[in-house]
Amino acid sequence: MSDILATLVSQAAEQTARRLAARPVPELTALAAAAPPPRDLAAALREPGLSVIAEMKPRSPSRGALTDDYRPAERARAYRDGGASAVSVLTHEDGFGGSPEHLPVARAESGLPVLRKDFIVDEYQILEARALGADAVLLIVAALSAPRLVELLGHARNLDMEALVETHNAEEVDTALAAGATVIGVNHRDLRDFSIDRTLSARLRSRVGPERVMVAESGVRDARDARELARAGVDAVLVGELLMRADDPGATIKELIA
């Protein structure tokens, strides 16, 4: 694990410890049992054409502040109106300025499947996501051992949730496949130094295989990038910074999927 990734994972663990102390597992378990059934992320991303997972995050460790007017409810509605297939919500506090409390807001206002995007290494984070209405969680291969990935993927599925399993190279794709992932992300951003390689998705598409949903993550700058990824055979793109900086994020989504 890189120093940057290790720091983000450590911060997420500290956030989880604070939240566990405030809201213990039995309380979350009851909330999760009472939550509406999860929406099907995989099915939403399998719809014809290129799908967009529209991301909500006020800042990033590599780019700093992305907006000075972060309104999750308004943004979720704009993403829905623009034609997004799902919403990704950054819930990591220290590095991204997010909060798990934005999950139910995004779900209610968008009507779309909602992904909790965080550095998840503990079952509590998955249970909390379901209790707050999330339909799916992000699992990062680089942050987990292979056995731990299997355990957390199984925990998500026990809650009827999907997992977007994030990879960055062929070895990590193989780990995701061996774990039984059905939605596999290829992150163009190297979490060791935050550099971008937009050719990764095209190079790894055949390894992921056509029977699994493939999501290209990070580095989508415009509609041209989206079209190139669609031609490479990806099913969806996860787009954050472009939408967070856009004056009209709904219109930007329409351009990406046109």
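Contact here means heavy atoms within 4.5 Å. The views below show a predicted model.

**View 1. Eight strands of the predicted model close into a barrel.** The strand order around the barrel is S1-S4-S5-S6-S7-S8-S9-S10, with parallel pairing. On average, neighbouring strands of this sheet are turned by 25 degrees against each other, direction ignored.

**View 2. Strands S5 and S6 pair in the parallel sense.** S5 covers residues 114-117 and S6 covers residues 136-140, and two bridges join them. Leu115 stands opposite Ala136 in S6.

**View 3. Leu139 is among the residues that touch the most other members of the largest nonpolar core.** This core has 52 residues, and Met56, Tyr79, Val87, Val137 and Val237 are also in that group. H8 gives the most to the core, with four residues. Another core, of 25 residues, lies apart from it and includes Leu138, Ala143, Phe194 and Ala236.

**View 4. Contacts of Leu139 beyond its neighbours within four places in sequence.** Leu139 is in contact with Ile120 and Leu144, and also with Leu149, Leu152 and Leu153.

Methods
Residues are numbered from 1 along each chain as its sequence is written. This is a predicted model: local features need pLDDT of at least 70, side-chain atom pairs count only at pLDDT 80 or more; totals for chains, interfaces and linings use all residues. Side-chain values use heavy atoms; hydrogens and water are left out. Two strands pair if DSSP finds at least two bridges between them. Axes are lines fitted to C-alpha atoms, for helices over the stretch in contact, and angles run from 0 to 180 degrees between N-to-C directions. A nonpolar core is a set of buried Ala, Val, Leu, Ile, Met, Phe, Trp, Tyr and Cys residues joined through side-chain atoms within 4.5 Å. Buried means under 20% relative accessible area, exposed over 50%, partly exposed in between (1.4 Å probe, protein chains only).
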